[in-house]
Each structure stands twice: as structure tokens, then as C-alpha cells.
Amino acid sequence: MCNVFDSYIFGSCQLAVLSVNVSKLNRRSKKSEFQVTVASAASYINTTDWNPHELRYTMSLARMFCRLNGYLQPISKAQAPLVSGFIRTQNEVRHWQHTAPQSTSCHWQLQEECLELSYGGLVMHFAYVWLRDHCRSASCFNSKTNQRNLDTANVELNIRPTNTRVDDENIFLTWPDGHVTRYNLSWLAQNSYEGQKQSAMQPRIIWNSDIYTSAKVPSANWDKFMSCDDELKKFLRSFLLYGIAFVEGVPPTVEATETLTQRVSLIRETMYGKMWNFTSDFSRGDTAYTKLALDRHTDTSYFQEPCGIQVFHCLRHEGTGGRTLLVDGFYSADKVLQKTPENFELLARVPIKHEYIENVSDHHNHMIGIGPVLNVYPWNNEVYMIRYNNYDRAVINTIPHDIVKRWYVAHRELTTELRKPENELWVKLKPGKVLFIDNWRVMHGRESFTGLRQLCGCYLTRDDVLNTARSLGLQA
Ligand SMILES: C[N+](C)(C)CCCC[C@H](N)C(=O)O
Ligand SMILES: O=C(O)CCC(=O)C(=O)O
Ligand SMILES: [Fe+2]
């Protein structure tokens, strides 16, 4: 059973899109609906009796047509036999609209609930209420402030345009009250869900030690960094790509480190202070303030919003050990996703708590942060933040007993990935070399050490780092 689903005209050709009910054609098939695109000569669509032979001929035409015009998905060979024995129902035919041939591949169609737009190889859908809400006309949107004027609550939820037309670049929608919205087609394409789903929010290169080392990412140079926007931009570009970046030749003082970071962002003050400068004196109730080794972790997982960036500058070390360990959490998370998607899912969906309880001399702090280990964008499963700190992980009381063991299995798999030696990047921080770490992505740790070791640094406000990157023209 097969119906003509849609048809449209392009130049001298008329195209029919057939909706084939595969379950009726082949009962063993699990799929119930299948779409096949067919191109034909203009007269073809008026033919009432389609026979398999004719259809196959039409399909080979379609394939050729698609290839020539490059704007339809070529029909795969596998689909061809499915359409034999179809019945065409005339009343199912709806008409596709299209922009002029020279304006390239853009086709649109008004459906029951949405506008369907085919542009640049992507088929997109825009709900009518969305289209009304996003109107960029002067009365609906203030282009000086980039803010919406329209009161969304006044939009009829079942609104539909009463009239639609297109020119080469735009689609014009007339609404029931007479208001006209003009959308630039490429604006729609750029702002579609389908486009967003396909692209990464944050383009990145996930790395293990080999990948990072062979990339030979250059460090920025202090003088240039402070005076030249291009150097800052290069630095931020590699920071966004790898989640770590270095500046060398920095005067080994807290003040210079502060000046440096303020070129990138606002400092995020926490209960550790604005700039911190610490040794192994146990002045605070945390293992960081000892000489002990620290396994890979993210910091401030016990904040509702963990600090976005951590800056380290080792001002002094007279002793042995104390190397810094860096591991790309996104690389390991990706391995879990590839190997055991259900473990990835558990780590991404199950919220847990992290906690910081400090009662040392004058410092009294109790922080609780709640969230999953892997924070992902639901539309594309892209990981954007990892909370991973086994020291600070709190009592688990947010997971029922039948899930908790599965959660531990998933957590173990992530840990196994994170601990693979090939994923570990070891660096010895020296006075003058400042390290920026994306604390939502790259874990840090350290080797135990002897002697006096002084580390200064700060946390940065993530929004401000990204803001600086965007102002320099980077995608962040
Ligand atoms: C960086 N600085 C020394 C100030 C604080 C260290 C905090 C360590 C804490 N366990 C955490 O992971 O958040
Ligand atoms: O001492 C170090 O190298 C790092 C310690 C640490 O994890 C931290 O301060 O967050
Ligand atoms: Fe840390």
C-alpha cells in the first residue's frame, strides 16, 4: 500500500513523495512508514494507474534527478522494491512550494502543525507558535537591545498563518490579525532544532596523552598575551578545543598571575578567597593543603555550579615529586558512550551529591552540590560538564537500591577509562608557567611531594571566559 504523500514542481519536473506503508508490504518489517521520493516528468503525476514497472522507471529518473540537482536524498536501491504494488490516492496529494531554481535548494511546505523547510540538505520543522513567537519585526523584537517585545502569553497556541509566500531569500507569513512576519530562510536554517541537533555546542578535540602531545599546542607568551588580542584569541581557541592551555614567561608572583587571569575573565571568588596561594600547611580542612598525592578529580563539585576554570601557577618548589596530572574527562566519557551506552545514560541521568564540610580554625563551611556525574545536552547527548571527585562525593541517598549497583558499575567503567595510563598527561609546573584548566572537563590531580611547594591561582567565572572568547569571534 502506498500513497502519494506530496508533490512539487521543479523546473520542468514534477516530483512525488510517496509514503509507503512497509508493514503492509512486508509484514515482517518492523517499520510501519517509509518515505520514498520519486521524480517524474510533469505529466506523470496525473497518471492514475501506476504500475511497478513504471514506478521503477520513475525511481531511476528520480535518482538521476537527485544527483543532478543535489537537493534531495538519493533513493537507495534497498527502497526501490518496496514500492511495488502501491495504490495512489489522489486526495493525498499536497503541493510543495519552492524558491526559484537559481536560489538553490530550498523547499517548504505548510503541514498541520508546522512549517517544513528543506534547505542546505537539512529538513527542518518549525511549529507555528514558535514562528509567531520568534517574529523579528520591529513591534515584536527590539533589535537595539536584542530583546523580545512580543508578549508570548498573548499568542494563540494553535495559531496558523492565514497566508504564506516566499521570494528567493525569505518566507512571509501573514497571521490571523494581519501581522506579517518575514523570515530570512538562512536565519531559519541557522536557528532550527534540526541544525542544532547536528552540530556541537562546543567544538572540541578530545584527547589522550598521545593526541595532546602530538598536537604540539603552543603556549602563549606573557608579553604578547598581555598586549595582543590575537595572542589571547589563539590561547582561548586552544583552551576551548582542549580544555587546557598554558602561558609561559609569567613573573612568578600572585599579582602577575592575577593580572594575567583578568585579561581573560572575572575571578570567581569562593570561600578559598579570590586569589589563593597555598602550601602543605593544612591551613584548610582539605587534602589539597597536604603533601599527599591526589587522584584525578574536578574541583568544587560540591557547588551547585562548579567553578568553570581553575588557574594554577607553581611559584616555588624545593623538593621532589609534585607533578600535575591532567586527564580529559570528555575523552573517557566518550569511550563509555561508545562501549556501554546504558552506563553513559546512568551517569548522565542519575543525580548524586557532593559535599564539603570544613571546620578548621576560623573556617566553617558546608557546601552541597547536586547533579549527575555527566551533564549532557538532551538534544544531542553532548557532555558539557563532569562532576567527578571521589573525595568529596557525599552519601548516596538519591538512588533506589535496585539502581545503585548499576550506577556503581557505570561509575567503575568511567573510572577505568579515566585511569588508563595512556589517558594521563603529566606536567611539572614551574615558576613562570601558568596552567588554565577547564574544570567542567579536564580532571587534575597531583603526585605526592617533598619539600616546600607553593601553588597560587584562582577560579574563573565560566560565563566571562566564554564571553571574552565570543567577543574575539570564537564559537563558545
Ligand atoms: C584550589 N584550592 C586549593 C583553593 C582549593 C582546593 C579545593 C579542593 C577540594 N577538595 C575540591 O576539589 O574542590
Ligand atoms: O597541589 C596541586 O597540584 C593541586 C591540588 C588540587 O587539586 C587543588 O588545589 O585543587
Ligand atoms: Fe583540585
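**Two ligands in a predicted model**

An oxygen atom of ligand 1 lies 2.7 Å from a polar backbone atom of T300, a polar contact in the sense of a pair of N or O atoms within 3.5 Å. This is a predicted model, in which local features need pLDDT of at least 70 and side-chain atom pairs count only at pLDDT 80 or more, while totals for chains, interfaces and linings use all residues. Residues are numbered from 1 along each chain as its sequence is written, chains are lettered from A and ligands numbered from 1 in the order in which they are written, and side-chain values use heavy atoms, with hydrogens and water left out.

An N or O atom in the side chain of Y302 is 2.6 Å from an oxygen atom of the ligand, and an N or O atom in the side chain of D392 is 2.9 Å from a nitrogen atom of ligand 1. On its own, ligand 1 exposes 380 Å², of which the protein buries 95%; accessible areas come from the Shrake-Rupley method with a 1.4 Å probe.

The shell around ligand 1 has 15 residues, and D286, T300, Y302, N389 and D392 come nearest. A residue counts as near if one of its heavy atoms lies within 4 Å of the molecule. By class, the shell holds seven nonpolar, five polar and three charged residues; Ala, Val, Leu, Ile, Met, Phe, Trp, Tyr, Cys and Pro count as nonpolar, Asp, Glu, Lys and Arg as charged, and the others, Gly among them, as polar.

Strands here are DSSP runs (E, at least two residues), numbered from the N terminus.

Elsewhere in the chain, an unreviewed UniProt entry lists residues 111–188 as "domain: Gamma-butyrobetaine hydroxylase-like N-terminal"; such annotations may be inferred rather than shown by experiment. In the model, the end C-alpha atoms of residues 111–188 are 16 Å apart.

Terms used:
A polar contact is a pair of N or O atoms within 3.5 Å; within protein, one must be able to donate a hydrogen and the other to accept it, and residues adjacent in sequence count only if both atoms are side-chain atoms. Helices (H or I, at least four residues) and strands (E, at least two) are DSSP runs, numbered from the N terminus.
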